[in-house]
Amino acid sequence: MAKKKSANKVNKSELIRAYIAEFPDKSPKEVADFITAQGYPVSPQFVSTTKSNAKKKAGKKPGKRGPKPKLASIAPLGGSIVDNGLVAIESAGSLLTACGSLEAARKTLEAIAKIMGQRTGNG
């Protein structure tokens, strides 16, 4: 069951919002010191939270930034990873490593092209 509000209690958040409305340039510590001197102890953190919540309700963005955007992946550029050539580049690198030189890799590719041409009847 929810607590009942007592008639003689003061809403500290309302005090904070009213003071900030009158003196918007005051820091949370200065606001907390003033409210505490009036007989209602509050911490600077509570003042800061109240101020932030008031901004959110007013539709203003709070001062804290969101997360940094992530780097775009390569896949969306051409569809899938296979479509944009990443797999082909990795395979070409593996071929160069296996053959030992660019010239040897070219000869290997030419041999494969001849074999493929004979299978399809194109060469």
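**View 1. Y19 and its contacts.** Leaving aside neighbours within four places in sequence, Y19 is in contact with K26, V31, F34 and I35, where contact means heavy atoms within 4.5 Å. This is a predicted model, in which local features need pLDDT of at least 70 and side-chain atom pairs count only at pLDDT 80 or more, while totals for chains, interfaces and linings use all residues.

View 2. Buried means under 20% relative accessible area, exposed means over 50%, and partly exposed is in between (1.4 Å probe, protein chains only). In soluble globular proteins, nonpolar side chains tend to be buried together.

**View 3. The whole protein, for orientation.** Let's step back for a moment: the secondary structure comes to six helices and zero strands, and from the N terminus on the elements run α-α-α-α-α-α. Helices (H or I, at least four residues) and strands (E, at least two) are DSSP runs, numbered from the N terminus. Buried residues make up 11% of the 123 residues. The protein exposes about 10500 Å², of which carbon and sulfur atoms supply 59%; these areas come from the Shrake-Rupley method with a 1.4 Å probe, and for residues only the protein chains shown count as cover. Among contacts between residues at least 6 apart in sequence, 35% join residues at least 24 apart.

**View 4. T50 in helix 3.** T50 sits in helix 3 (residues 44-57) and counts as buried because its relative accessibility is 5%. A polar atom of the T50 side chain lies 2.8 Å from the backbone oxygen of F46. This is a polar contact, a pair of N or O atoms within 3.5 Å; within protein, one must be able to donate a hydrogen and the other to accept it, and residues adjacent in sequence count only if both atoms are side-chain atoms. Beyond its neighbours within four places in sequence, T50 is in contact with S13, I16 and R17.

View 5. Not counting residues up to four places away in sequence, F46 touches K12, S13 and I16. For a sense of distance, the C-alpha atoms of F46 and A32 are separated by 8.2 Å, with the two residues 14 apart along the chain.

View 6. A search of the whole structure finds three salt bridges, each defined as a side-chain nitrogen of Lys or Arg within 4 Å of a carboxyl oxygen of Asp or Glu. In one of them, the side chains of R17 and E14 meet at 2.7 Å, N to O. Both residues lie in helix 1, three residues apart, about one turn of the helix. R17 is partly exposed at 33% relative accessible area, and E14 is partly exposed at 44%. In another, D33 pairs with K29, the closest N and O atoms being 3.4 Å apart. Because D33 and K29 are four residues apart in helix 2, about one helical turn separates them. D33 counts as partly exposed at 42% relative accessibility, whereas K29, at 51%, counts as exposed.

View 7. E103 forms a salt bridge with R106, with 3.8 Å between the closest N and O atoms. The two residues lie three apart in helix 6, about one turn of the helix. E103 is partly exposed at 43% relative accessible area, and R106 counts as partly exposed at 47%. Now look for L109, in helix 6 (residues 102-120), which is partly exposed with a relative accessible area of 48%. L109, I112 and M116 form a nonpolar patch on the surface, with about 280 Å² of accessible area together. Patches are made of residues with over 30% relative accessible area and no salt bridge: like charges are joined within 9 Å, and nonpolar side chains (Val, Leu, Ile, Met, Phe, Trp, Tyr) within 5 Å.

Conventions: Residues numbered from 1 in each chain as written. Heavy atoms only, no water.
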